[in-house]
Amino acid sequence: MTTEALLRRWPSAYMRTELVHGVIMFSGDFDERDAAIARRTYPGRQVLLNADGGIEVHPAGTGPARSLLDR
């Protein structure tokens with residue numbers, strides 16, 4: 001793990017995190033491995049890997065979560 005990787009990868013890059021309409025958004029260039037880690041970190045939440053490569057952590061719900069980018 002390099003310093004650059006630590007500052008750019010989820011969940012270390014706190015400065016690239018924001019809360020939008022109750023959804024935690026991690027901006028960056030993530031992949032399914034990062035989404036799997038987010039699912040383990042936020043049990044009971046719906047985690048999406050969006051089209052921009054970011055991770056969205058939605059509150060638990062009855063239906064599938066929809067990306068904020070699709071709204």
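**Entry 1: ground rules.** Two strands pair if DSSP finds at least two bridges between them. I took helices (H or I, at least four residues) and strands (E, at least two) as DSSP runs, numbered from the N terminus. My model is predicted: local features need pLDDT of at least 70 and side-chain atom pairs pLDDT 80 or more, while totals for chains, interfaces and linings use all residues. I number residues from 1 along each chain as its sequence is written, and side-chain values use heavy atoms, with hydrogens and water left out.

**Entry 2: the overall plan.** I began with the secondary structure and found two helices and four strands in the protein chain. Reading along the sequence, I noted the pattern α-β-β-α-β-β. Next I looked up the surface: the accessible area of the protein chain is about 4,800 Å² (Shrake-Rupley method, 1.4 Å probe). Carbon and sulfur atoms hold 55% of that surface. Of the 71 residues in the protein chain, 30% are buried (under 20% relative accessible area; exposed means over 50%, and partly exposed lies in between). I also checked contacts (heavy atoms within 4.5 Å). Among those in the protein chain with a separation of 6 or more, 30% join residues 24 or more positions apart.

**Entry 3: the sheet.** In what order do the four strands of the open sheet lie? I read the order as β1-β2-β4-β3, with antiparallel pairing. The edges are β1 (17–20) and β3 (46–49), each of which pairs on one side only.

Entry 4: I traced the bridges from strand to strand. β1 and β2 run antiparallel and are joined by four bridges. Leu19 has Ile24 of β2 as its bridge partner, and Val20 has Val23 of β2. On the β4 side, Ile24 has Val57 as its bridge partner. β2 (residues 23–26) and β4 (residues 55–58) also run antiparallel, with three bridges between them.

**Entry 5: the turn at His21.** β1 and β2 form a hairpin with two residues between them. I stopped at His21, which lies in the loop between β1 and β2. His21 has a positive phi of about 50 degrees although it is not a glycine. Is His21 buried or exposed? His21 counts as exposed because its relative accessible area is 73%.

**Entry 6: helix α2.** I moved on to α2 (residues 32–41), which packs on the sheet and touches β3 and β4; its direction makes about 165 degrees with that of β3. Which residues of α2 are buried? I found Asp34, Ala35 and Ala38. They sit on the same side of α2, because they cover an arc of only 100 degrees around the axis (taken from the directions from the helix axis to the C-beta atoms). The buried residues of α2 pack against β3 and β4. Arg33 and Arg40 are exposed, on the face of α2 turned away from its buried side.

I gave Asp34 a second look. Its relative accessibility is 5%, which means that Asp34 counts as buried. From Asp34 to Ile55 I get 8.1 Å, C-alpha to C-alpha, although they are 21 residues apart in sequence.

**Entry 7: His58.** My last stop was His58, in strand β4. His58 counts as buried because its relative accessibility is 4%.

How values were computed. Axes are lines fitted to C-alpha atoms, for helices over the stretch in contact, and angles run from 0 to 180 degrees between N-to-C directions. Buried means under 20% relative accessible area, exposed over 50%, partly exposed in between (1.4 Å probe, protein chains only).
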